[in-house]
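Here is a short briefing on one protein chain. Look at the sequence and the structure first, then work through the points by topic.

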Amino acid sequence: MKYILYCRKSSEDKGKQILSLESQVTEMKKLAVNLGLEIIKVYTESKSAKKPDNRPLFSEMIKQIKQNKNDDLGILCWKIDRLSRNPIDSATIQWLLQQGNIKIIQTIDRQYLPSDNVVMFSVESGMANQYILDLSKNVKRGILTKLEKGGWPNLAPLGYLNDGKGGIVIDKARSKYIEKMFMLYNEGDKSVKEISDILFKQGFRSRAGHKYHKSKVHKILNDSFYCGIMTKNGKQYLGNHEPIISKKLFDSVQDVLNKKANTKKQKLYFTYRGVLKCDTCGCVLTATKKKGKHTYYYCTNGKGKCDEHKVYLKENDVTNELTNIFDNVIISEKMIDLCYQASKVKMGKTNNYLTQTSQTLEDNLAKAENRKNKLLDLYLDGNLTKEVYDQKVIALDNEIVQLKKDLDELKQKKATNNEITLERIKDVFLYPIKAKKDFESTKNGEQEKIVKTLLWNAQMRNKKIANLTFKEPFNILSKIEDKSDFLSVRRDRDSNPRKV
Ligand SMILES: [Zn+2]
């Protein structure tokens, strides 16, 4: 085994906790003597490791390692962060380690071996996220099953009560008002406001004794739950609960509602409604159509202390501004592939280990069952007393329970350690690249979807994006490293490498 010593300190490493280059070399050489390690080459470099392709000597070392055919090579360095502080170089090191081009990384206080997961931070955080996504998917699946069986997974609507056993029963005190509400509205000559007033006089009120707002009445009149059809996320399900009104009455009321709605002004559609915020005061920007043509976004100055409300943002300008958001979450495909390959190798090793372990457990389980049978034979042949037999069987039964539990846990580990999970993580990483292309080339409908997939909101100041809040899991991607790293990564991909 031969070692390459790599030492690095840059001007940005100001803290005293990072040794000077000289001291790093001295300390590591001392360590090498103590451990009996042979150093064949020393690199000392005063460059930052925050950006890839910034260190000629590091690149030279990587080249040397890749070209090496004859020796088992290890790297000596003072701390692991001396080797890399950016995702590309970290992935390169990880890959060389897992491929065995580097057999070991020895630092002042520990060793990193091919089986260790040194720097797979991006994929790891992706996995944590996937776990959360899967979990919420399972909850959704549970809700869906309940709906399909006719159960209501939420709080009972007004006029009904939850029975505490997962079912829904009629609230006798209020259901009669609900029925009356539908009948009154169906007559067609009363507004929801008037109906709210009439029913209040007749005793229809909230638990606190208040009148129900007209918007509540409107919501009830729109809800097919009262005729036995549950609606969730736009899909309808047949409910098990007892209807308060007939389907015929409900349909008729819908006709009355539609007629009234059509006489009202149609709601305008704005692409980025709800996404843009005022950076100065935190209000959500409102949209308006001027001269019936161009859409503008502006701050309504809801808190009365904002100057930004004089700024009108043209929708086209917003779209142009939003083309910049992708840079925050795009990681080069090269890097994504490196992470993916490395994780796949690691996954294969883990699976091998899990398979071997569960085989051992299965064998032990079979042996225990076998011994139990033999004991029974001995006992039946009169070669064992009842006491001894009972004692031995209890011990064996306990062992069997333990083994079964261990096997169970192994099965669960296997289920999460699979390629589908890995593929999904890769897709998350790749999504921003695809989204950027789609955003630049498609129409409004798609742009809205893309922006709302990635962002909670964009805070605007002076017609520019001042701040962005990403949704998970893209929030994690946006935080992996400084933006500057990704800029250099992109330059790399455009085959226009930065001069060193
Ligand atoms: Zn404002």
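**Helix H11**

Helix H11 covers residues 386-416, which makes 31 residues. At 1.5 Å a residue it should span 45 Å, and its end C-alpha atoms lie 46 Å apart, which agrees. The expected span is 1.5 Å times one less than the number of residues in the helix. Helices (H or I, at least four residues) and strands (E, at least two) are DSSP runs, numbered from the N terminus.

This is a predicted model: local features need pLDDT of at least 70, side-chain atom pairs count only at pLDDT 80 or more, and totals for chains, interfaces and linings use all residues. Residues are numbered from 1 along each chain as its sequence is written.

- H11 is hardly covered: one of its 31 residues is buried. Buried means that 20 or more other C-beta atoms lie within 10 Å of the residue's own; exposed means 12 or fewer, partly exposed is in between, and C-beta atoms are placed from the backbone.
- Asp390 sits in helix H11. Asp390 counts as partly exposed because it has 13 C-beta neighbours inside 10 Å.
- Asp390 and Leu375 are 15 residues apart in sequence. Their C-alpha atoms are 9.7 Å apart in space.

**The whole chain**

- The protein chain has 15 helices and 15 strands.
- Of its 500 residues, 24% count as buried.
- Take the contacts in the chain with a separation of 6 or more: 65% of them join residues 24 or more positions apart. Two residues are in contact if their C-beta atoms, placed from the backbone, lie within 7 Å.

**A three-stranded sheet**

- Three strands form an open sheet in the order S10-S14-S15, with mixed pairing. Two strands pair if DSSP finds at least two bridges between them.
- Which strands stand at the edges? They are S10 (276-278) and S15 (464-470). Each has a single partner strand, so one side of each is left without a neighbour in the sheet.
- From one strand to the next, the twist averages 30°. Axes are lines fitted to C-alpha atoms, for helices over the stretch in contact, and angles run from 0 to 180 degrees between N-to-C directions.
- S10 pairs with S14 (residues 455-461) in the parallel sense, over three bridges. Lys277 stands opposite Gln459 in S14.

**The loop between S14 and S15**

- Most residues other than glycine have a negative phi.
- Asn462 lies in this loop. Its phi is positive, near 55°, and it is not a glycine. Asn462 is exposed, with 10 other C-beta atoms within 10 Å.
- Lys463 is found in the loop too. Lys463 has a positive phi of about 65°, although it is not a glycine. With 15 C-beta neighbours inside 10 Å, Lys463 is partly exposed.

**Nonpolar cores**

- The largest nonpolar core has 37 residues. Such a core is a set of buried Ala, Val, Leu, Ile, Met, Phe, Trp, Tyr and Cys residues joined through C-beta atoms within 7 Å.
- Which residues touch the most other members? They are Tyr272, Leu276, Met335, Val451, Leu454, Leu455 and Ala458.
- Several elements each supply at least two residues of this core, among them S10, S14, helix H10 (333-380) and helix H13 (444-454). The largest share, six residues, comes from H12.
- Leaving aside neighbours within four places in sequence, Leu455 is in contact with Val275, Ile325, Leu468, Thr469, Phe470 and Lys471.
- A second, separate core of 24 residues includes Tyr177, Ile178, Tyr212 and Ile220.
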